[in-house]
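Please load the model in a viewer and keep the selection panel at hand.

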Amino acid sequence: MTQQHILYAMSHSLYSGRARSYLIKNRIPFEERSTGHESFKAEVLPKGKLPTIPTLVTAEGEVIRDGGAIIEHFEAANGRHCQPQGPRQQVISALFDVIGTDGLLRPAMHYRWNFPEDNLEFVRYHFLHSQRDVPERAAKTEAMMNRMRHAAMIFGVTEQSQKLVEDLYLEYLDALNAHLESYPYLLGWRPCIGDFGLLAPMYAHLGRDPHPARLMQQRAPAVYRWVERMNREDQDAPEFFNAGNDFLANDEVPETLVEVLKILAEDFVPETLAAADLINGWLGKHQPEGGVTAVGRLAESLGTADFTVRSEQITSLAQPHRFYLLQRVHDTFADFSQEKRGEVSALLEACDMAPILTITLDRRMIRCNNLEVWH
Ligand SMILES: N[C@@H](CCC(=O)N[C@@H](CS)C(=O)NCC(=O)O)C(=O)O
């Protein structure tokens, strides 16, 4: 039995950044280990089921694989400290969690893999040192890097779509910067679940790899500060001279955040619609039995879906993971009174995100023994 929490994670891993930040902000002590540690394969993987990070071994010895499940484990125990009370803020927080952990993979992969002159040595260092010094380490590093380099393409970045991917990212970055000039976190004075989800692509890839990190420092200093802030346990907001200490009062969602969501909606909504169509077609044809794994490893999928953004066609992997996360948005919404549902719908309408309330898969997914499976 271990004495404190152990987080299997890596500095260059997208999903690790989300769980690590949650532990730091909630002052939950942990030791971080790489998957190259001998205990990972022997003791953790048999219980974690898939070799993904982050995976947590709690002080009591329980193995929790998946950043969302790690956060849920602590949220369920601490009275949902990072979930705002108001319905509008609750849905916006859950939506940013989906967008961060699934909707921004395209720019994250693009800015990591398509600027090798700036990024390659830095990225290779991390892939290499995530493994022990065995003879096949160099070859394994290249194989792992090739698999992930391919991910930029399969999430829809091609020569033809590259400009669009960059335009969308830069507009989003500018809008987020404007918001974070007024508040240190998405919903005010402390981080919500959505901040942790959004940090996933904004830390390891977009806020830490040399090329996009410089872009963020030069173009969006308030976003860069938020990334730093999310990795510190205090509020870290000395530049706000009127700082409060809670989420914004009266369930307020600032107009600056609505502007951020409107840009994100431009590809998030059509991509979600196209992916739902494709996966529902797959479900109809294959009729997987209850209990069969629905969410595999990153960059595995059931096929690709086509959708159009600003007259440009994008072809991207359709992954059930997005819909597993969206289920939570839907469940949260379904629990509200009719009046509150009306308020939330009006807000999502203003963010151009209204369709996400009704896009569903024909089958639900549940978590069972560290896997997301078809119900
Ligand atoms: N749904 C999981 C995804 C975790 C995940 O895919 N992590 C990546 C690193 S960022 C990984 O472990 N990839 C290794 C692999 O797929 O083999 C989570 O949110 O934690």
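Predicted model: local features only at pLDDT ≥ 70, side-chain atom pairs only at ≥ 80, totals over all residues.

**Helix 1**

Is helix 1 largely enclosed by the rest of the structure or left open? Of its 12 residues, 11 are buried, so helix 1 is largely enclosed by the rest of the structure. Colour the buried residues of helix 1: Leu14, Tyr15, Ser16, Gly17, Arg18, Ala19, Arg20, Ser21, Tyr22, Leu23 and Lys25. Then display the elements that cover these buried residues, including strand 1 (5–8), strand 2 (30–33) and helix 3 (67–77). Helix 4 (87–103), helix 5 (105–113) and helix 9 (193–203) are also among the covering elements.

**The domains and their contact**

Colour next by domain: the assignment gives domain 1 (5–77) and domain 2 (87–110 + 162–374). The C-alpha centres of domain 1 and domain 2 lie 21 Å apart. Their contact takes 22 residues from domain 1 and 21 residues from domain 2. On the side of domain 1 that touches domain 2, at least two residues each are supplied by helix 1, helix 2, strand 4 and helix 3. Which element gives the largest share of that side? Helix 1 does, with 9 residues. By residue class, the side of domain 1 that touches domain 2 divides into 8 nonpolar, 8 polar and 6 charged residues.

**The ligand shell**

Centre the view on the ligand, which is surrounded by 14 residues. The closest are Ser13, Thr52, Gly67, Arg297 and Leu298. Helix 1 and helix 3 are the elements that give two or more residues to this shell. The shell consists of 6 nonpolar, 6 polar and 2 charged residues. Why does the ligand lie between domain 1 and domain 2? Both domains give residues to the shell, so the ligand lies between them.

Select lysine 49, in the loop between helix 2 and strand 3. Phi of lysine 49 is near 75 degrees, a positive value in a residue other than glycine. Lysine 49 has 16 C-beta neighbours inside 10 Å and therefore counts as partly exposed. Proline 54 is placed in the loop between helix 2 (38–48) and strand 3. Inspect the peptide bond from isoleucine 53 to proline 54: it is cis, with omega near 5 degrees.

Proceed to glycine 61, in the loop between strand 3 (55–57) and strand 4 (63–65). Glycine 61 is exposed, because 11 other C-beta atoms lie within 10 Å, and a residue with 12 or fewer is classed as exposed. A distance from glycine 61 to aspartate 97 may be drawn: the two are 36 residues apart in sequence and 27 Å apart in space, C-alpha to C-alpha.

**Helix 8**

Select residues 162–182, which form helix 8. At 1.5 Å a residue, its 21 residues should span 30 Å, which agrees with the 31 Å between its end C-alpha atoms. The buried residues of helix 8 include Leu164, Val165, Leu168, Tyr169 and Tyr172. Leu173, Ala175, Leu176, Asn177, His179 and Leu180 of helix 8 are buried as well. Among the elements covering the buried residues of helix 8 are helix 5, helix 10 (210–219), helix 11 and helix 12, together with strand 5 (304–309) and strand 6 (312–317).

Asparagine 250 lies in the loop between helix 11 (221–229) and helix 12 (255–286). Asparagine 250 has a positive phi of about 55 degrees although it is not a glycine. With 7 other C-beta atoms within 10 Å, asparagine 250 is exposed.

Finally, select arginine 367 in strand 7 (residues 365–368). Arginine 367 is partly exposed, with 16 other C-beta atoms within 10 Å. Not counting residues up to four places away in sequence, arginine 367 touches Ala69 and Glu372. The C-alpha atoms of arginine 367 and alanine 138 are separated by 36 Å and lie 229 residues apart along the chain.

**Confidence**

Colour the model by pLDDT: the protein averages 96, and 99% of the residues score at least 70. Among the elements, helix 7 (residues 137–154) has the lowest mean pLDDT (91), and helix 11 has the highest (99).

How values were computed. Residues numbered from 1 in each chain as written. Buried ≥ 20, exposed ≤ 12 C-beta atoms within 10 Å, placed from the backbone. Helix = DSSP H or I, 4+ residues; strand = E, 2+ residues; numbered from the N terminus. Contact = placed C-beta atoms within 7 Å. pLDDT = per-residue confidence, 0-100. Near = placed C-beta within 6 Å. Nonpolar A, V, L, I, M, F, W, Y, C, P; charged D, E, K, R; others polar. Domains from an automatic or database assignment. Expected span 1.5 Å × (residues − 1).
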